[in-house]
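Dear colleague,

I am passing on the model below, followed by my notes on it. Please read the notes alongside the structure itself.

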Amino acid sequence: MKQLILLFALLVGMIVFSAWLGKGGLDQINLNSLRGSRETVKIGEITVEVEIADTPEEHEKGLSGRNSLPEDQGMLFVMPPNSQPSFYMFDMKFALDFIWINDEHVIGFTENVEPPDDNEEDNLPTYESPTPVDYVLEVNAGFVEKNKISVDDKVELPENLK
């Protein structure tokens, strides 16, 4: 009898969960908690909680589709050594700063990159690092200025990424 009650409760739970998903329930979950692993990065004295993007699929998806990014958080793209990647803002809903990192130092940044008005993938501008990089950190627009990030600032990366 207990097994029958448990089975019935499980069935009802699945039906309720399915109905919740059908009404956009996933939109209410913090999507950041469903994505890649989390680490911390230090730039000078500033600590940033980052989501790691280290696969081609994660690189392509990036922060697209999200409505916002919490302050002092970002996405760290792990690039093949000494690559010169270019980024575009497909399906972005908020502005970003790109921090270009090589040999554990900031080598440049691209600030206040606005999401495109026209989200046609073929018409999007691209943003390229000024020189080869090992990592790219995307943070909210204004982060570089607010935190006085400078070229040559030391970047402390998680041990598992070095």
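Lys61 is partly exposed, because its relative accessible area is 38%, where buried stands for under 20% relative accessible area, exposed for over 50%, and partly exposed for what falls in between, with a 1.4 Å probe and protein chains only. This is a predicted model, in which local features need pLDDT of at least 70 and side-chain atom pairs count only at pLDDT 80 or more, while totals for chains, interfaces and linings use all residues. Residues are numbered from 1 along each chain as its sequence is written, and side-chain values use heavy atoms, with hydrogens and water left out.

Lys61 belongs to helix 2, residues 56-61; helices (H or I, at least four residues) and strands (E, at least two) are DSSP runs numbered from the N terminus. Between the C-alpha atoms of Lys61 and Phe90, which are 29 residues apart along the chain, the separation is 8.8 Å.

Lys61 also takes part in the largest pocket, whose lining comprises 18 residues, with His59, Glu60, Lys61, Phe87 and Tyr88 nearest its centre. A pocket here is found on a 1 Å grid over the protein atoms alone, as an open set of points where a 1.4 Å probe fits, with protein on both sides within 12 Å along at least five of seven lines, and lining residues have an atom within 4 Å of a point. The volume of the largest pocket is about 300 Å³, taken as the space filled by probe spheres set on the points, with grid points joined across faces, edges and corners. Helix 2 gives the largest share of the lining, four residues, and helix 2, strand 3 (73-83) and strand 4 (86-87) each supply at least two. Sorted by class, the lining holds ten nonpolar, four polar and four charged residues, where Ala, Val, Leu, Ile, Met, Phe, Trp, Tyr, Cys and Pro count as nonpolar, Asp, Glu, Lys and Arg as charged, and the others, Gly among them, as polar.

**The protein as a whole**

The protein has three helices and nine strands, which follow one another along the sequence as α-β-β-α-β-β-β-β-β-β-α-β. Of its 162 residues, 35% are buried. The protein exposes about 9800 Å², of which carbon and sulfur atoms supply 54%; the areas come from the Shrake-Rupley method with a 1.4 Å probe, and for residues only the protein chains shown count as cover. Among contacts (heavy atoms within 4.5 Å) between residues at least 6 apart in sequence, 72% join residues at least 24 apart.

Asp134 is in strand 8 and counts as buried because its relative accessible area is 15%. Leaving aside neighbours within four places in sequence, Asp134 is in contact with residues including Phe77, Met79, Ile101 and Asp103. A polar atom of the Asp134 side chain lies 3.3 Å from the backbone nitrogen of Asp103; a polar contact is a pair of N or O atoms within 3.5 Å, where within protein one must be able to donate a hydrogen and the other to accept it, and residues adjacent in sequence count only if both atoms are side-chain atoms.

Asp103 itself sits in the loop between strand 5 (96-102) and strand 6 (105-113), and is exposed because its relative accessibility is 59%. Its phi is near 50°, a positive value in a residue other than glycine. Asn112, in strand 6, likewise has a phi near 50° and is partly exposed at 40% relative accessibility.

Strand 8, residues 133-140, also holds Asn140, whose side chain reaches the backbone oxygen of Pro70 at 3.5 Å.

Phe143 lies in helix 3, residues 143-146, and is buried at 6% relative accessible area. Glu49, in strand 2 (residues 46-53), is partly exposed at 33%, and its contacts, with neighbours within four places left aside, include Arg38, Thr40, Asp72 and Gln73. The C-alpha atoms of Glu49 and Leu76, 27 residues apart along the chain, are 9.3 Å from each other.

With kind regards
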